[in-house]
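Q: Could we go through this structure together? Please keep the explanations plain.
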Amino acid sequence: MRTVIPDELKIQLRYPARAVGLVGAVAMIISVFLPWSYGHGALDDVGFSGSPSPLQLVFLTLPVLVVVLLGVPLVGKAKLGRWAKTVAWNTTAKTTAIASLGAVVVAMAAIAIELGGLVNIEVGGWVAVAGAVLSAVATIFLPDSPEPTLSRVKTARWVQILAIVLVLAVVLFSAAYALGMSDAGAFLVFAAILTGLVLALRQFGVFGWLGNASANNNRVLVVSAFAVAFAFPFTQNGSNANMSIASQVLIFAATALGLNIVVGLVGLLDLGYIAFLGAGAFTAAILSESAFSTVNFHPPFIVTVLISGTVASILGLIIGAPTLRVSGDYLAIVTLAFGEIFRITMNNLDGTDGPNVTNGSDGIPGIPDLNFFGFDFAQPHVIAGIEIGRFANYYWLMLVVIALIIVVFTNMNHSRIGRGWVAIREDELAAEAMGVNTFTLKLLAFAGGAFLAGVAGSVKAHYDVSVTPDQYVFLESAFLLAAVVLGGMGTVGGVLIGATILKLLPEKLRFFSDYRLLLFGLLMILMMRFRPEGIVADERRQLEFHDEDEELADEIEEELIAHHGHLNPERKGFEL
Amino acid sequence: MVELFFQQLINGLSLGALYALIAVGYTVVYGIVQLINFAHGEIFMIGAFGAFVTWMLLGRPTDWSVATSLLVLLPLMIIGGMVASVATAVATERFAYRPLRNAPRLAPLISAIGVSVFLQEFVRLFFGTIPFVGRIPGWPDAKSAVPFPSIPGISGQTIQLGGVLIQMPAIFTLGALAVSTVFLWYFVNRTKTGRAMVATSQDPDTARLMGINVDRVIVAAFAVGAALAAVAGVAHGLRYGNIDFRMGFLAGLKAFTAAVLGGIGNINGAVVGGLVLGLAEAMATTFIPGQFGSSAWKDVWAFVLLILVLVFRPQGLLGAKVVDRA
């Protein structure tokens with residue numbers, strides 16, 4: 001963040017600015033021990049003096065961080081070791097102070113809305129506002145620090161692994177904490193604090209370092225991420241509400257990951273992807289033991305999964321074979337039309353407008369829960385004293401499905417096929433000239449993506465208990481696409497984050513539900529305008545979207561050389 | 001059987017005229033910037049709402065004579081619709097598409113989906129309200145279908161021609177298409193902006209070197225498409241008797257199909273494609289035997305036609321060979 005204040009003035013004012021900033025931060029710390037509101041009904045109760053609420057304790061991290069960032073350079077960075085010179089102290093202090101101002105403003109607005117007016121804010125609230133304003137304004141006058149170079153610092157392997165595990169643990173606990181919140185205002189404040197912390201750590205250079213650490217310890221990262229995800233149901237103490245949301249997020253994420261192959265890797269815009277999910281769900285529903293099933297063939301679920309995936313991928317072949325030969329724009333519209341054909345057909349196969357296959361708009365209800373070799377998904381189980389309910393069972397199943405998809409995705413990405421896909425995405429004509437069989441590869445991606453959606457759909461059918469055509473409308477396809485775009489096309493982590501945000505926010509912000517789609521549309525426009533590469537950017541893609549930005553190109557090149565030793569971001573596979 | 005055929009011919013042509021009016025917008029924009037303006041269906045919807053607002057502002061006249069209705073009310077409503085749709089189209093071009101002109105092709109398409117959802121929701125939530133103030137008393141809410149005003153002389157009127165019954169709104173749609181096509185022909189072939197548009201669509205770089213302001217041409221393309229979409233919006237309102245915030249989705253999709261059918265980028269093709277698509281839909285519901293000929297399947301047949309065209313004649317009925325400019 002560069003400001004208009006001249007550098008000479010900043011250097012002159014650096015000590016007073018630091019002092020005022022510290023005073024503001026201390027005021028915020030004190031405010032946490034004072035009541036923020038008169039009533040007790042706002043933000044899960046912030047009305048006590050002396051005993052801060054959990055939310056206020058989380059908030060405390062921001063001013064404490066400001067104190068550390070402003071205080072340490074005064075005491076002397078040299079004592080901390082060489083790394084202390086590679087991070088951006090001042091700029092991070094500024095970001096943190098501004099973030100805490102943001103969080104305080106959100107908190108005060110929430111109190112005012114929930115209790116009816118600003119009069120409900122008690123002394124602590126005003127102290128927090130004053131402190132936040134003070135430190136935000138003061139830190140603007142600090143001289144800018146140079147770009148952090150923490151990512152180049154060499155650290156012992158155990159430190160890196162410890163850091164990864166620590167980050168994942170924090171992620172787990174924040175997820176559990178955020179899901180447990182019932183108050184929308186409190187959730188927003190928590191989200192603001194978390195965003196502030198993430199921005200601050202990025203500014204400090206921690207993310208660059210973490211990125212290298214995770215690239216060096218990829219296995220550890222993946223295994224521990226799964227361990228954390230696996231452990232999540234144990235933090236819920238048998239509560240079903242959150243597990244239901246979590247398993248919906250996973251189903252959504254699995255489908256989005258399938259779409260990510262098609263859109264992110266190959267660059268084929270598929271706007272009817274939900275139809276493949278629907279095809280899988282309907283196939284699984286019809287083959288299930290539901291009393292409303294219209295065929296008399298009920299294979300075990302393992303077989304059903306394969307049939308569902310196959311049906312979806314055959315549909316993918318039918319729709320892809322004619323359209324993948326022509327320009328990419330047509331594909332978008334044809335897939336959209338296909339999505340509509342699918343929905344209308346499912347509606348019409350009701351016995352009056354066509355043969356009875358799907359019971360028309362009523363769909364197929366009463367789909368029984370899964371049963372793997374006697375393990376009934378409907379039954380709660382007690383593991384280590386914690387009850388694991390129906391939703392947790394599906395959650396774990398989806399986790400396995402997602403793991404499979406990720407394995408397929410990363411192996412494909414680093415294979416000959418994957419490189420062919422990326423070549424097609426970057427420049428189809430050039431790829432074809434280089435001998436890449438573009439049509440076959442595109443068809444493979446399209447049918448493969450459809451297969452994954454079909455598999456996810458077959459689990460979704462059992463999870464949802466009933467399957468109806470109106471669950472598979474265009475808007476759902478748009479949501480899936482948004483998850484891919486928001487998170488970062490072509491990345492696994494990004495899409496998981498995107499899917500989580502898109503599913504979690506509407507659940508937690510129910511009072512907002514009427515404006516959900518409006519904001520969603522706006523988000524897509526703004527995202528394409530300002531950060532088209534998504535939250536987590538694929539290195540190659542970031543360059544593609546900012547091809548005029550020389551500075552960014554140099555930066556990425558340096559990063560790549562720093563942690564791979566050469567420019568090619570892929571470490572596996574042969575070099576040309 | 002023959003009467004039925006002619007009846008469906010009229011129904012199909014008037015439906016097709018509606019598609020054609022919208023399809024021109026897709027084709028003109030695509031011809032110049034190679035962008036599928038996904039939000040064009042919403043521009044059509046906003047045109048219909050603009051006409052409705054004009055009628056409200058005129059004091060909701062219901063008892064005007066046939067002559068004043070046709071000569072004053074209807075033209076005013078069409079102009080009102082055009083103002084709304086052209087303003088929206090130009091604004092979306094300015095804020096959503098222009099910044100992305102040099103981005104990879106996926107970016108503007110995704111942005112267009114965002115615009116489409118945003119415009120639908122905007123109309124649904126804010127029609128008949130002043131944001132942050134409240135509802136305007138007496139104005140309907142757009143969360144469900146809004147009844148479109150009936151125009152004396154058109155709404156509910158029919159003409160009997162032999163055994164064929166022709167609805168007046170159908171004649172209005174066909175007439176509007178005829179007039180619009182003449183105007184469009186004049187605009188493209190005889191005006192400076194129109195010729196600049198053709199030049200830009202053939203070769204934007206050379207056009208720029210010849211002193212054509214490409215930005216202005218692109219805005220003009222969006223505006224022309226939006227103006228015709230507004231006419232289609234009024235025609236849709238008269239034909240079906242109501243308008244709603246969702247009407248642009250399916251109509252836009254069909255119109256795009258029509259544009260592809262005729263050969264995208266080709267203005268004549270859009271008109272022909274629209275008419276052919278409308279005919280195909282009308283005939284499919286009559287002449288396909290059995291359950292699959294019921295009207296529930298007509299959209300499916302339209303989209304099947306789209307896929308067939310892409311397989312056998314990807315350049316469309318009137319299109320030249322498609323050159324991939326990627």
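Q: How does the radius of gyration of chain B agree with that of a compact globule?
A: Chain B has 20 Å, which agrees with the value near 20 Å for a compact globule of 326 residues. The radius is taken over C-alpha atoms, and the globule rule is 2.2 Å times the number of residues to the power 0.38. This is a predicted model, in which local features need pLDDT of at least 70 and side-chain atom pairs count only at pLDDT 80 or more, while totals for chains, interfaces and linings use all residues. Residues are numbered from 1 along each chain as its sequence is written, and chains are lettered from A and ligands numbered from 1 in the order in which they are written.

Q: And how many helices and strands are in chain B?
A: Chain B has 11 helices and 6 strands, taken as DSSP runs numbered from the N terminus (helices: H or I, at least four residues; strands: E, at least two).

Q: Where does chain B touch chain A?
A: In chain B, 40 residues are in contact with 40 residues of chain A, meaning that their C-beta atoms, placed from the backbone, lie within 7 Å. Helices H4 (106–126), H9 (247–262) and H11 (298–312) of chain B each supply at least two residues of that side.

Q: Which element supplies the largest share?
A: H4(B) does, with 13 residues.

Q: New topic: how do H6 and H9 of chain A cross?
A: The axes of H6 (residues 157–180) and H9 (residues 218–231) of chain A come within 10 Å and cross at roughly 25°. These axes are lines fitted to C-alpha atoms, for helices over the stretch in contact, with angles from 0 to 180 degrees between N-to-C directions.

Conventions:
Two residues are in contact if their C-beta atoms, placed from the backbone, lie within 7 Å.
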